[in-house]
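Please give a short report on how this protein model is put together.

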Amino acid sequence: MSRPAASETMDPGRRLGHYEIQAQLGSGGMGTVYRALDTRLNRTVALKVLSPGRLEGTAGRGRLVREAQATSALNHPNIVTVYEIGHDAGVDFIAMERVEGRTLGYLAARRPPLRETLAIAIQIADALAAAHAAGIVHRDLKPGNIMVTERGLAKILDFGIAKVAAAGDSESNATQTLTLENRILGTVAYMSPEQAAGREVDWRSDIFSFGCVLYEMITARRAFREDTEMATLAAVI
């Protein structure tokens, strides 16, 4: 079977290593996510295929490895499980747990009952606490990066632009970027002011983003929603 080029959309039946593409689930700035079959273990996974040019040589792939290591090391019921990372036919990918459910954005638009909202919020807060205790800052917490199953289990996805504390850091919690560097990364409407201004971030940035998410869960409106992205960025700052 022919191998896909890094730039093309992958059709059902295409393979990356021992993963067989079944359907596209979504896409974003970091890449495209597919539902895929792990043909070795006969299980369905979410396969995150990195966009062409997102990784530059061995340094970029090193950051991809650190992303997978950081996420998998958390081992928390409310954080998606990473199975492995891979590279095949010029394509870099991460195989992750496939979470069945709805995004928190979908649920928030329908204003769930307060009891349900609080139950989900507690799970998110507990997952963030575990990540922060491990020295990891998510940096892109938003309703679209949180899945909620039919049983009400919340799962935080996509640590693709996460930051992890470097070995030997002091209490200042200096961090290094796992994927892209020297850019303002994240989703503007949920950024903390320091992140929006391109300054160094720590765990408090996630707390600000969590506040934005909680606001939206309760009101079904974004906390920051100006007419343009630049206006939104200015409002956050």
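## A buried serine

Ser209 is buried, with a relative accessible area of 2%. Buried here means under 20% relative accessible area, exposed over 50%, and partly exposed in between, with a 1.4 Å probe and protein chains only. Ser209 sits in helix α5, residues 203-219. Helices (H or I, at least four residues) and strands (E, at least two) are DSSP runs, numbered from the N terminus. Setting aside neighbours within four places in sequence, Ser209 contacts Leu141, Tyr190, Met191 and Ser192. Contact means heavy atoms within 4.5 Å.

This is a predicted model: local features need pLDDT of at least 70, side-chain atom pairs count only at pLDDT 80 or more, and totals for chains, interfaces and linings use all residues. Residues are numbered from 1 along each chain as its sequence is written, and side-chain values use heavy atoms, with hydrogens and water left out.

## Nonpolar cores

The largest nonpolar core has 30 residues. Such a core is a set of buried Ala, Val, Leu, Ile, Met, Phe, Trp, Tyr and Cys residues joined through side-chain atoms within 4.5 Å. Leu104, Ile124, Leu141, Ile146 and Ile156 have the most contacts inside it. The elements giving two or more residues are α1 (57-74), α2 (104-108), α3 (114-133), β9 (146-148), β10 (154-156), α5 and α6 (229-236). Helix α3 gives the most, with 6 residues. A second, separate core has 12 residues, including Leu16, Tyr34, Val45 and Leu47.

Not counting residues up to four places away in sequence, Ile156 touches Asn78, Ile79, Val80, Ile124, Ala127, Leu128, His138, Leu141, Asn145 and Ile146. In soluble globular proteins, nonpolar side chains tend to be buried together.

## Helix α3 against α5

The axes of α3 and α5 come within 11 Å and cross at roughly 170 degrees. Axes are lines fitted to C-alpha atoms, for helices over the stretch in contact, and angles run from 0 to 180 degrees between N-to-C directions. The crossing makes α3 roughly antiparallel to α5. Angles under 35 degrees count as roughly parallel, over 145 as roughly antiparallel, 65 to 115 as roughly perpendicular and the rest as oblique.

From α3, the contact uses Thr117, Ile120, Ala121, Ile124, Ala125, Leu128 and His132. From α5, it uses Trp203, Asp206, Ile207, Phe210, Leu214, Met217 and Ile218. These residues divide into 11 nonpolar, 2 polar and 1 charged. Ala, Val, Leu, Ile, Met, Phe, Trp, Tyr, Cys and Pro count as nonpolar, Asp, Glu, Lys and Arg as charged, and the others, Gly among them, as polar.

## The six-strand sheet

An open sheet of 6 strands runs in the order β1-β2-β3-β4-β6-β5, with antiparallel pairing. Two strands pair if DSSP finds at least two bridges between them. β1 (15-16) and β5 (82-88) stand at the edges, each with a single partner strand, so one side of each has no neighbour in the sheet.

Strand β2 (residues 19-27) pairs with β3 over 7 bridges. Ser27 has Thr32 as its bridge partner in β3. Between β3 (residues 31-38) and β4 (residues 43-50) there are 8 bridges. In β4, Thr44 partners Leu37, and Ala46 partners Arg35. β3 and β4 form a hairpin with 4 residues between them. In the turn, Asn42 has a positive phi of about 55 degrees.

## The three-strand sheet

Another open sheet has 3 antiparallel strands in the order β7-β9-β10. Its edge strands are β7 (102-103) and β10, each pairing on one side only. Between β9 and β10 there are 3 bridges. Helix α3 packs on this sheet, touching β9 and β10, and its direction makes about 35 degrees with that of β10.
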